Every structure is written in C-alpha cells, then in structure tokens.
Amino acid sequence: MKLDITKGIQRKGIDVPFDLEDNWGEDHWNGDTIAYVGPVSLSGTYMLADETVLVRGEARAVIQSPCARCLTPTNTSVTAEVDEAFIRDKGDGELDIDEDQYTYTGHVLELDDAVRTAILLELPSRILCKEDCRGLCAQCGANLNVNACSCQKDLTSRNPFSALASLLN
C-alpha cells in the first residue's frame with residue numbers, strides 16, 4: 001500500500017485526505033495462516049511537518065482464519081486505527097531511529113507494515129465461528145456443531161469419574 005505525498009509537500013502543515021486499497025494474500029498470526037478476503041482499505045489524512053509525515057486513518061479488512069475450536073474457515077471483519085509518524089531517511093546514515101519507527105525515502109510512503117500491525121493488533125486472541133461453537137470431538141474428530149457423535153455416549157461408561165455423578169443427584 002503506497003501513499004504518494006507529493007500534494008502534501010506543497011501544503012505543509014495541512015491535512016491532506018487519501019483513500020487507498022490493496023489486495024493482500026496470506027499472513028501468519030497466532031500460529032495460524034490467515035487470508036485477507038477482498039481488498040484491505042485505508043482512509044484518512046496525512047500531514048507533512050518538516051521531515052516527518054503524520055498519517056492518521058482507519059484501516060478495514062476481512063480476515064479468514066480457522067475457528068479456534070472446530071477449524072471451520074471463519075471470516076472476521078476488522079477495523080483498526082492507524083496513527084503513525086514516518087521519518088525521512090535521506091540515506092546519509094545520520095538518521096538514528098528505533099526499530100518501531102517507520103521511515104520513507106522520496107515522495108512515497110510504504111504503509112503495509114503500519115497497516116498490517118494495526119489490523120493484527122485488533123484481532124481477537126481466539127477467532128470463533130460463533131460464540132457457542134462446540135468444537136471437535138476429542139475421540140473421533142467430528143465437528144460437534146454439525147452432528148453429535150457416538151463417542152460422547154460411550155464417554156460416560158469409560159470415564160473413571162462417572163461414579164461420582166450419582167453423588168450430585
């Protein structure tokens with residue numbers, strides 16, 4: 001996702017609006033491979049202040065990942081705020097930056113890393129297909145959301161603690 005800041009150079013200190021879209025493929029997050037369904041969009045403003053460009057906006061994406069319980073592919077809509085400063089790198093080696101700061105050269109900002117970070121930080125720690133997802137059977141692997149399996153009926157007879165269930169009644 002590239003942002004051309006040529007308009008902002010002529011109007012330093014003034015917010016310049018922009019709308020960007022880009023198609024992304026797959027990414028890795030929390031041990032899973034996730035896919036971006038449709039384009040990732042970023043709408044907002046940027047402003048030049050000396051050698052720094054301030055980018056503020058809202059990123060939107062639809063992420064497809066497996067459900068944490070039943071492994072069914074699940075789409076999740078994500079909206080994330082992006083508020084980053086990009087520092088000009090003149091290429092003379094004098095720029096001392098932290099690893100979490102973004103730099104740019106020329107008149108184009110590369111926004112992929114900033115947008116990706118904002119989106120991934122907004123994802124829930126466990127993505128579920130639905131709140132009451134029953135998951136997979138631990139014995140046979142059947143999806144319990146679709147149908148019950150015979151393993152669940154046998155489970156009480158093989159459970160060493162099943163005799164204690166009578167104490168609850």
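What percentage of contacts in the protein chain between residues at least 6 apart in sequence join residues at least 24 apart? The share is 56%, a contact being heavy atoms within 4.5 Å. The structure is a predicted model, in which local features need pLDDT of at least 70 and side-chain atom pairs count only at pLDDT 80 or more, while totals for chains, interfaces and linings use all residues. Residues are numbered from 1 along each chain as its sequence is written, and side-chain values use heavy atoms, with hydrogens and water left out.

Three helices and eight strands make up the secondary structure of the protein chain, in the order β-α-β-β-β-β-β-β-β-α-α from the N terminus. Helices (H or I, at least four residues) and strands (E, at least two) are DSSP runs, numbered from the N terminus. Of the 169 residues, 33% count as buried; buried denotes under 20% relative accessible area, exposed over 50%, and partly exposed the range in between (1.4 Å probe, protein chains only).

Strand β3 (residues 26-29) contains D27, which is buried with a relative accessible area of 14%. Polar contacts (pairs of N or O atoms within 3.5 Å; within protein, one must be able to donate a hydrogen and the other to accept it, and residues adjacent in sequence count only if both atoms are side-chain atoms) link the D27 side chain to the side chain of Y36 at 3.0 Å and to that of R116 at 2.7 Å. Leaving aside residues up to four places away in sequence, D27 touches D32, T33, I34, Y36, R116 and L120.

L164 lies in the segment after α3 (151-158) and counts as partly exposed, at 49% relative accessibility.
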